[in-house]
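Reader: I have the sequence and the model open. Please walk me through the strands first, then the packing.

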Amino acid sequence: MAKVKTTFFCQSCGNQYAKWQGQCTACKSWNTIVEEVIQKADKSDWKTPTSASKRVSKPLKIKEIDSAKEARLNTFDQEFNRVLGGGIVPGSLTLLGGEPGIGKSTLLLQISLKLPYKTLYVSGEESQKQIKMRAERVNPNNDTCYILTETKTQNIFKQIESLEPEVVIIDSIQTLHSDYIEASAGSISQIKECTTELIKFAKETSTPVLLIGHITKDGHIAGPKILEHMVDTVLQFEGDRNHVFRILRAHKNRFGSTNELGIYEMQGSGLREVTNPSEILISKKDEELSGNAIAVTLEGMRPLLIEVQALVSTAVYGTPQRSATGFNAKRLNMLLAVLEKRAGFRLGAKDVFLNITGGINVDDPAIDLAVVAAILSSNEDEAIQKDYCFAAEVGLSGEIRPVQRVEQRILEAEKLGFATIFVSKYNKISLKNTAIKIQLVSKIEDLVGYLV
Ligand code: TYD
Ligand code: MG
């Protein structure tokens with residue numbers, strides 16, 4: 001009988017140790033090192049389905065490499081294509097992470113049902129019946145998608161060998177286990193081993209593999225950091241679970257930019273692509289309400305209009321409350337201090353609540369001006385005209401600072417029928433004859449003049 005062999009792994013960075021220690025010397029975190037049983041079987045006979053026919057690679061001059069082969073597979077999902085940079089690259093490994101229940105399985109099942117290629121959807125989490133039920137809600141008419149419920153990689157490769165799918169989807173990497181490692185599924189060594197096997201398979205056969213990954217409670221993909229290094233693309237599916245919108249972003253993309261963003265809406269019949277996000281993020285009200293302002297932000301390369309809501313009220317307790325949803329709370333405090341100092345508003349004794357509607361998180365500094373406007377409006381209980389919108393950063397001295405791609409933002413606001421956009425005086429704008437009025441402001445004081 002083979003001797004039981006154990007190794008110690010850091011659960012946060014995946015570093016390997018021969019014996020236990022309190023602190024991981026690589027990532028400096030405490031109490032993250034756990035023992036895992038590994039027992040490698042003889043790997044010499046191990047092969048992925050087509051390794052028999054694999055070609056031996058030899059060095060090539062860069063101009064001899066045929067780049068035409070990088071043709072991408074269209075996923076027939078505009079948003080997904082956009083985030084990937086145009087489609088799935090053959091032989092690539094894509095990891096999709098996200099909180100439980102956010103819709104990762106739905107998204108990838110939906111994509112596999114849209115693909116006209118032979119697709120194998122391997123699930124270690126749900127039974128074939130459950131997947132069928134889900135598929136019926138999404139798109140029941142498809143005869144190129146195969147469902148397999150299996151968690152052992154060797155068995156999966158056996159099925160792949162006979163089926164020869166053009167795309168493989170794994171739901172999820174944490175449920176897989178390989179015979180060559182004793183440790184339980186989801187442990188660092190298993191994740192590492194299964195991913196290595198899948199990479200080997202993907203690169204040798206040029207079959208793209210899409211993996212679903214769980215995330216830990218602090219938002220990182222569960223398993224070693226090395227997992228993110230191993231794959232070609234890391235996508236994150238996020239959004240507030242109580243809201244209907246879901247945002248897909250690329251955290252890492254070897255074949256495209258990480259600036260692109262896909263937006264979906266969760267419906268009864270699966271995820272719907274949202275091709276014009278601004279229209280739904282702004283609640284179209286007839287009534288003008290105080291404390292609402294529209295910001296023209298940029299998510300990736302796409303301009304996105306979102307609504308900022310502020311509520312300023314007299315503090316009941318000694319220490320005023322400050323709370324922000326979808327916006328950095330420290331930045332909110334900074335903007336309040338600027339308002340206090342530069343515009344003479346006494347906000348020190350007021351509670352301030354800020355909310356970005358639609359459940360999205362914004363880190364574009366161009367939202368600052370809308371935040372300031374919403375706070376001013378709520379404080380004065382004076383509504384901002386509903387055809388006003390804002391796109392500028394606010395500096396510590398109360399100056400309105402320029403933002404990138406301002407012309408693109410102006411055109412988007414114009415397209416959506418806004419009458420006036422407030423931007424920084426220091427932005428270079430060469431647009432002529434726009435239907436939208438471009439109001440240049442240089443200081444917070446100027447803005448106050450226009451709003452109240
Ligand atoms: P799921 O894809 O199972 O999430 P994950 O794999 O990320 O854990 O998504 C489950 C949620 O999506 C669940 O709360 C129900 C909802 N849902 C819909 O609203 N409409 C649908 O058509 C489907 C399939 C799911
Ligand atoms: Mg799932």
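Author: This is a predicted model. Start with one strand pair: β10 (residues 245-253) and β11 (residues 261-267) run antiparallel and are joined by 5 bridges.

Reader: Which residue is the bridge partner of R246 in β11?

Author: Strands of a sheet pair through backbone hydrogen bonds. β10 covers residues 245-253. R246 has its bridge partner in β11, and that partner is Y264.

Reader: Which strands stand at the edges of the open sheet of 9 strands?

Author: The order is β6-β5-β7-β8-β4-β9-β10-β11-β12, with mixed pairing. Each edge strand has a single partner, so one side of it is left without a neighbour in the sheet. On average, neighbouring strands are turned by 25° against each other, direction ignored. The edge strands are β6 (145-149) and β12 (270-273).

Reader: At about what angle does helix α3 run to β6?

Author: Helix α3 spans residues 128-138. It lies across β5 (119-123), β6 and β12. Its angle to β6 is about 150°.

Reader: Which element gives the largest share of the largest nonpolar core?

Author: That core has 45 residues, and V308, I367, L369, V371, I375, F390 and L447 touch the most other members. Elements giving two or more residues include β11, β14 (302-314), α9 (368-380) and α11 (444-451). Domain 2 (73-273) and domain 3 (280-451) each supply at least three residues. The largest share, 8 residues, comes from α9.

Reader: How many residues are in the other core that lies apart from it?

Author: Its members include L73, V83, A135 and C145. The count for this other core is 29 residues.

Key: Residues numbered from 1 in each chain as written. Chains lettered and ligands numbered in written order. Predicted model: local features only at pLDDT ≥ 70, side-chain atom pairs only at ≥ 80, totals over all residues. Heavy atoms only, no water. Pairing = 2+ DSSP bridges. Helix = DSSP H or I, 4+ residues; strand = E, 2+ residues; numbered from the N terminus. Axes fitted to C-alpha atoms, helices over the stretch in contact; angles between N-to-C directions. Contact = heavy atoms within 4.5 Å. Core = buried A, V, L, I, M, F, W, Y, C linked by side-chain atoms within 4.5 Å. Buried < 20%, exposed > 50% of the residue type's maximum accessible area, 1.4 Å probe, protein only. Domains from an automatic or database assignment.
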